[in-house]
Amino acid sequence: MSSRTKHILWWVFAILFTLSIAVYQRLTGPTYPKRVKVELGGETYKLKLLRSCGEKNAEVKILVAPKTIGGNIVYRRLNSGDAWTEVTMLRDGNNLIGYLPQQPPAGKLEYKVFLTRDLEQVAVTEEPVIIRFKGDVPVWVIIPHVFFMFMAMLFSTRAGIEALRKGEKTFNYTTIALASLVIGGAILGPLVQRYAFGAFWTGWPLGGDLTDNKTVAALVVWFIAFFQSYRNGEKRGWVVAASVILLVVYLVPHSILGSQLDYNTGQIVTGK
């Protein structure tokens, strides 16, 4: 197999691997729709329940085609001591739709959905679903942020492979990985945080936001890997370590221990 063919195959692997990590990120974490199954009237329904919303009332829409099925939602502000409020879901074609009231940025509601058919009623989930509200992030911020974070993972993977192969492009890929991480994580990341929750930084030492903290950890290791590779191209261990650490960072579900509004004090806290 020629070196050119090997080069292409390693890039194909790096792209597919990065895409798989992106899919994992999309399907995990506390802000992505919760996937559940519920049985009613002898039928099983696969549903998605909303767990994140911008500056509007949250539309809880579930697909249950039979017109004989109705539903309602009960909700309350998280950790507020509020009584439960009930909302009747309305039918729109094959969907049942109910709305939760908009909350301030980082405000959270807990809610449960109940489905009814004739005299049977079932709760869609055993425990309440938690939905977090946020400010709207402009597309000119969020799209480049996602792009550069994707590029960081792609070139991190490729740099790690190149380091293990003792390839001549290890430093080049390391440089691109670090630059992408700086732009996506250190520059655009705080902008996303500012628009969504009103603060540029909520990680250490200001707070316990895990997303901010893990970004710092990755940046520190990648800066070390960059300078070690720059000083001595034969020192590839740091590049491999940085690649592995960034992978671990991406495997930690997004938005865990993120910003949360304390309804009792009116302050946004992190690390919960």
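**Terms and their grounds**

Q: What kind of model is this?
A: It is a predicted model.

Q: What makes the contact of E59 with K61 a salt bridge?
A: The criterion asks for a side-chain nitrogen of Lys or Arg within 4 Å of a carboxyl oxygen of Asp or Glu.

Q: Why are E59 and K61 called partly exposed?
A: The partly exposed class lies between the buried limit, under 20%, and the exposed limit, over 50%. E59 has a relative accessibility of 33% and therefore counts as partly exposed. K61, at 41%, likewise counts as partly exposed.

Q: How do you know that D82 and R77 form a salt bridge, and which accessibility class does each residue belong to?
A: The N to O distance between the side chains of D82 and R77 is 2.7 Å, and the cut-off is 4 Å, so the term applies. D82 is partly exposed because its relative accessibility is 24%. R77 is partly exposed because its relative accessible area is 31%.

Q: Which residues are linked with E162 in a network of salt bridges, and how many salt bridges are counted by the rule?
A: The network links R158, E162 and R165. The rule gives a count of 5 salt bridges.

Q: What makes a set of residues a nonpolar core, and which members of the largest one touch the most other members?
A: The members must be buried residues of the nonpolar types, joined through side-chain atoms within 4.5 Å. The largest such core has 27 residues, of which L47, L49, I62, L100, Y111, V113 and L115 touch the most other members. Among the elements giving two or more residues to this core are β1 (34–40), β2 (43–49) and β9 (108–117). The most comes from β9, with 4 residues. A second, separate core has 26 residues, including W11, L154, A159 and A242.

Q: How do you know that β1 and β2 pair?
A: Pairing requires at least two bridges between the strands. β1 and β2 have 7 bridges in the antiparallel sense, so they qualify as paired. V38 has Y45 in β2 as its bridge partner. The hairpin of these strands has 2 residues between them, and G41 takes a positive phi near 60° there.

Q: Why are β4 and β7 called edge strands?
A: The open sheet has 3 strands in the order β4-β8-β7, with antiparallel pairing. β4 and β7 (90–92) each pair on one side only, and they are the edge strands. Neighbouring strands are turned by 35° against each other on average, direction ignored. Between β4 and β8 there are 6 bridges.

Q: How do the axes of α2 and α5 cross, and what is the handedness of the crossing?
A: The axes of α2 (residues 139–164) and α5 (residues 237–251) come within 8 Å and cross at roughly 145°. The crossing of α2 and α5 is left-handed. Among the residues that meet are M149, F150 and A159 in α2, and V239, A242 and Y250 in α5.

Terms used
Residues are numbered from 1 along each chain as its sequence is written. This is a predicted model: local features need pLDDT of at least 70, side-chain atom pairs count only at pLDDT 80 or more; totals for chains, interfaces and linings use all residues. Side-chain values use heavy atoms; hydrogens and water are left out. Buried means under 20% relative accessible area, exposed over 50%, partly exposed in between (1.4 Å probe, protein chains only). Axes are lines fitted to C-alpha atoms, for helices over the stretch in contact, and angles run from 0 to 180 degrees between N-to-C directions. A crossing is left-handed if the near helix is turned anticlockwise from the far one by less than a right angle, and right-handed if clockwise. Contact means heavy atoms within 4.5 Å.
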